[in-house]
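Hi,

Here's the structure I said I'd pass along.

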Amino acid sequence: MFRKFVDALRRFMYGRYGGDQLYFALIIIFFVISVVNTFIGSYLLWILQYVLLIWAVYRYFSRNIYKRRQENRKFLGIWQSIKNFFAYLGDKFRDRKVCRYRKCKHCHAALRLPIKKGKNSVKCPRCGKSFKVNIWI
Ligand SMILES: [Zn+2]
């Protein structure tokens, strides 16, 4: 009986996409919004949460695997840039007594500079160009 059910489920899922990181992110956002919405009771949030849930279920059972993989790759790129931004903020906070972070004006590389108050000349190690940096705090 149970084996028949598992076989039927396996046949149904054959060629379908299934879960990935974007699917789990959508489900987590769905649950977060539904918890928040129990306190707020917004109609717009209610619509948004079910749009997300329907999108997640649609992606799970989709047969267009190539397109779902592209969506997931895009999501992972965005997620990585969000993680990098918060890691950069964390580094800035951790090193706040030792150094300052500034961006190179030419190649936009993040430079970790010792605290020397006033205007200083800095040479970027990535692009090799020099520019002035003002550190006042
Ligand atoms: Zn540079």
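The side chain of Arg 16 has a polar atom 2.7 Å from the backbone oxygen of Phe 12. This is a predicted model, by the way. Arg 16 sits in the loop that links helix H1 (2-13) to helix H2 (21-40). Setting aside neighbours within four places in sequence, Arg 16 touches Tyr 60, Phe 61, Ser 62, Arg 63 and Ile 65.

Then there's Arg 100, in strand S1 (residues 99-103). Its relative accessibility is 19%, so Arg 100 counts as buried, the cut-off being under 20%. A polar atom of the Arg 100 side chain lies 2.5 Å from the backbone oxygen of Arg 96. Beyond four places in sequence, the contacts of Arg 100 are Leu 111, Arg 112, Leu 113, Ile 115, Ile 135 and Ile 137.

H2 has 20 residues and spans 28 Å from first C-alpha to last, close to the 28 Å expected. At its start, a side-chain oxygen of Asp 20 comes within 3.3 Å of the backbone nitrogen of Leu 22. Leu 22 is one of the buried residues of H2, which also include Tyr 23, Phe 30 and Asn 37. Which helices do the buried residues of H2 pack against? They pack against helix H3 (43-61) and helix H4 (65-94). After H2 comes Gly 41, with a positive phi near 75°.

Cheers

Note on methods. Residues numbered from 1 in each chain as written. Predicted model: local features only at pLDDT ≥ 70, side-chain atom pairs only at ≥ 80, totals over all residues. Heavy atoms only, no water. Helix = DSSP H or I, 4+ residues; strand = E, 2+ residues; numbered from the N terminus. Polar contact = N/O pair within 3.5 Å; in protein donor to acceptor, adjacent residues only side chain to side chain. Contact = heavy atoms within 4.5 Å. Buried < 20%, exposed > 50% of the residue type's maximum accessible area, 1.4 Å probe, protein only. Expected span 1.5 Å × (residues − 1).
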